Amino acid sequence: MTSAARVRNRIAPLVALALAVFTAGAAHAQTTISGRVTNTSGAGLPGANVYISTLNIGAQARENGAFTLAVPAAQSQGQSVQLSVRFIGYRPQSRPVTLTAGAQTVNFTLEADPFRLDEVVVTGVAEATSSRKLTFSVAKVSEEQLKEVPASSPIAALAGKVAGARVSMSRGNPGAAPTIRLRGSTSLQVGGSTPLIIVDGVITRSSLADIDANDIESIEVLKGAAASSYYGSDAANGVVQITTKRGRNYADNKVSWSTANEYGRSNVQRFPALNQSHIYETNPDGNIRLVNGSRVVKADQIADAPYPTSGEKRFRNQLQEWLTEGEFYSTNVQLGLRRGNTNFNTSFTNDRNEGIMPLTSGQYRQNLRMNVDQGLGTKADFSVSATYGLNKNDYPPGGVGSWFQLMQAPPDVNLEQPFGTADSARFYPKLPNEFGGSARANPLYNLANDDYKLRRERILGSFSLRYRPTDWLRLESSYGTDRLNQRVSDYFARGLLTDGGTPGQGSLFKSTANNVGANAQINATATKMWFENTLSTTRVAYLVEREDNSFFSANSSKLNVTATPDLGAGDRTQLSVDSQEIQTRTINYMVSQDFDIKDRYLFSGLYRRDGSSLFGSDNRWADFYRISGAYRISEDFQMPGIQELKIRAAQGTAGLRPGYFYQYETYSLGAGSLGKANLGNNALKPSVLTELEYGVNVAFLDRFDLELVRADRETKDAFLLVPLSLAASGGFANQWQNAATIESNTTELALNTRVIDRPDWSYNFTLTGDKTKQQIVSMNRAAFRVNAEGRQNQDVFYYKAGEPLGLIYGTKWVRSFDELPATADRSLYTINPAGYVVLASRRGKVNEAPIAFVGADGGTQHAIGDVNPDFSFGFANNLRWKAFNVYALFDGQQGGDIYNFTKQWMFQDHRAGELDQRGVAQEDKIPQPFFSSASTTAWWRTATSSRMARS
């Protein structure tokens, strides 16, 4: 053995002894605090932050909520400090601890915040972010708020809870999906701004009526381009992301299950006012006088004669008589388990909704969902989500014809037996001539005999895999798909009666729609602390979208075989076939960079590049961006009663993609010949919305959370179908172009509260309000008018540069003498009881008529309404006493006008309640022809309204 080796052997034990003594002393001198962070159910809260702010020391809870915090000996001097814990979605807590050498155990049980004032947001951001650190506006509806009141669909759950979101049920039928608009329109279409919908990472473009609202954990809403720029060329109308329940908050090693059952009856809360009098001569017994089977109109044509009150020809409100009080019930079962690194949650729902239409069964719906999260060691995990929905219906969810026909039906006819007991069929379709003959058929005959069947199958599935090679880098890949298979059959058997009462040839319509959408994404997110005070988050992503839609339909208007609902029974000369195959592809690249400096100065930047087959071949790529910042003032200045004060500003862009057919030449086929329709446009590009948003957020008195937002928006290159010169275009009449600019501005207010929060009882409310103005700035065509959803050429909406978007045009009736022409002799006119100027010589006579206003330019068409309300509001209240809960929602708007096409028809067919002159003083009665002449133009009404939902 060498001398060096002998020295080394002698010194090594001494060094080891010295190190042992030193480390033992250090271990003895430091303070070690350990414990668990759990929710009220005992489930661990992994990721909860435990910290001592005065010492700048912290730790993060592990998978089971356990944590260990080590305080160096130099800082363990026996002083008292506050040990705090914070977890997004829960109320923070603090405990005093004394830092003495050795080990201590401190456990925390966190309570969920009813309004999640410090909620995590995952939509439109690079990394899950506390709402207090957002630099733009994101609204979130949490599970606690969703379960306060049952909703028919996910979108309906937003009503009254999100400022700037207008939710409406345009159809009340079972299975009909509500519509939503966020911060006004981004295209030249009134009411058509549908946001992008994402469910568990799956981009979906089919109806949300297939999604069960009981399965929702939270809904996040991006209302403007400043936030939705993250989603590029398909997000100018905003983004709604729905997250379903995953079982994250279940207690470890315990099976959790719950069931929710709902039962109720649907009915009409308020019926429209109907005319209960008529204009016909009557016999001494009160029955309407008939001459040769026809009714005789009174000379004065004033609707003040009462219908009989008894007998076959008594007055009936056909809506009240035939609309049913349908039952609805729902059963939802949730089953979940959390064990170690595994979360599992599944549910099954069975819905039945009869609706209110007579002679129909309504909707049957079943939903089955399963979500699984699985950890793979400490560095990887994956998630799987799958939802299957089956929806059946025997009445079209979007149908309105039967309601309309019942409202227009004569009030003194027995629709079950129009001709009495001698009818050859129940609900005989032809009405007696005295009621108008075949002009108004019996609406119940089709409801009783038409065999309509709708079957929708829907599968939504997603898979995501996350890998964390280091503590600052996360790699992620995901795939989502939405698959819809819909079949419709509408069979009217051969031999059933026509509206004229004769045996018909029958008809059969069949259609199949198969829609498959898929989106796949890979991304990398790097989170790193620099300079001990700047948290940097960088994200790069690559996204691919594809959509394949196929549609096939066949219709035969004549069947050659009885009782055979098969297209083979159709007459080939009366057979029409239609089909479509649509494929779209989109590729997107994105990079974003966020900085969080000292927990108070926040900055965010984003760039996204989209390429889509929907863009013209000359403009396949488009760029989008966002830049935003915020300053948390309350982190620098302590203000009594204020827990959070933040100001922020953001500017960003998002787009709308052209329609599939916009870039191609299209042709029309008729009478065996091919005609040119629209000229293609290779230069077509997405329209781009640029938004400047700024706002302030204040949390105060530990009970209130206030947000005030202003958003100024400009949509450039909005799509417009521009008329062309046939000679210059080679025979094409129109072309889709980027040809309009729209501006709007929105002001929003949202106040979340928990006024009283005690163990036995609590009261909280949400108050929202918003106001939007929008205007057409420029347009590459002359002013023009469009109809309201194809309503029989009623071109009521007027598009013109410099005018508001949503302007209603029509004939304006003179209501004051000042509106008469300057040359008119005012002594010849009077104002009738309805408030219209009429000729005095015609007042009260059958030729009494309103007078059209004539402008200085001689025109008779003027602005008569505007769909834009003065403001909209929502007021949601929740009162809890022990296990008893009462919820009430008031949701409505002030001002704004609605074109009422149905009301116009009611005047023309003498059914509107305003026509009823019975009980009116004789000198104030108005003949019926006056109302008919006034209905030759659009009818509208001020949309000041509110609605109330309660549970």
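I began with Asp200: it is buried, at a relative accessible area of 17%. Buried here means under 20% relative accessible area, exposed over 50%, and partly exposed in between, with a 1.4 Å probe and protein chains only.

The model is predicted: local features need pLDDT of at least 70, side-chain atom pairs count only at pLDDT 80 or more, and totals for chains, interfaces and linings use all residues. Residues are numbered from 1 along each chain as its sequence is written, and side-chain values use heavy atoms, with hydrogens and water left out.

**Positive phi**

I checked the backbone at Asp200 and found phi near 50°, positive in a residue other than glycine. Most residues other than glycine have a negative phi. Asp200 sits in the loop between strand 14 (196-199) and strand 15 (202-204). Helices (H or I, at least four residues) and strands (E, at least two) are DSSP runs, numbered from the N terminus.

Gln301 also has a positive phi, near 55°. Its loop runs between strand 21 (294-295) and strand 22 (305-306). Gln301 is partly exposed, at 26%. I then looked just after helix 8, where His910 has a positive phi of about 65°. In helix 8 (residues 901-908) I noted Phe901, Gln904, Met906 and Phe907 as buried.

**Whole chain**

I logged nine helices and 52 strands. The C-alpha trace spans about 140 × 70 × 70 Å along its principal axes. Of the 951 residues, 46% count as buried. I took contact as heavy atoms within 4.5 Å. Among contacts between residues at least 6 apart in sequence, 66% join residues at least 24 apart.

**Ala876**

What surrounds Ala876, beyond its neighbours within four places in sequence? I listed contacts with Gly160, Asn764, Phe765, Thr766, Tyr887, Ala888 and Leu889. Ala876 belongs to strand 48 (residues 871-881) and is buried, at 6%.

**Salt bridges**

I used this rule: a side-chain nitrogen of Lys or Arg within 4 Å of a carboxyl oxygen of Asp or Glu. The count comes to 57 salt bridges. Arg205 pairs with Asp234, the closest N and O atoms being 2.6 Å apart. This pair links distant parts of the chain, 29 residues apart: Arg205 is in the loop between strand 15 and strand 16 (216-222), Asp234 in the loop between helix 3 (225-228) and strand 17 (239-244). Arg205 is partly exposed at 40%, whereas Asp234 is buried at 17%.

Are Asp610 and Arg608 buried or exposed? Both are buried, and their closest N and O atoms are 2.7 Å apart. For Arg474 and Glu476 I read 3.8 Å. Arg474 is buried at 16%; Glu476 is buried at 18%. I also traced a salt-bridge network that includes Arg183, Lys223, Arg648 and Glu748.

**Nonpolar patch**

Patches take residues with over 30% relative accessible area and no salt bridge, joining like charges within 9 Å and nonpolar side chains (Val, Leu, Ile, Met, Phe, Trp, Tyr) within 5 Å. Areas come from the Shrake-Rupley method with a 1.4 Å probe; for residues, only the protein chains shown count as cover. I found a nonpolar patch of about 510 Å², made by Ile522, Tyr542, Val544, Ile587, Tyr589 and Trp621. Strand 30 (534-556) and strand 31 (575-597) each supply at least two of its residues. Ile522 lies in strand 29 (residues 507-530) and is partly exposed, at 48%.
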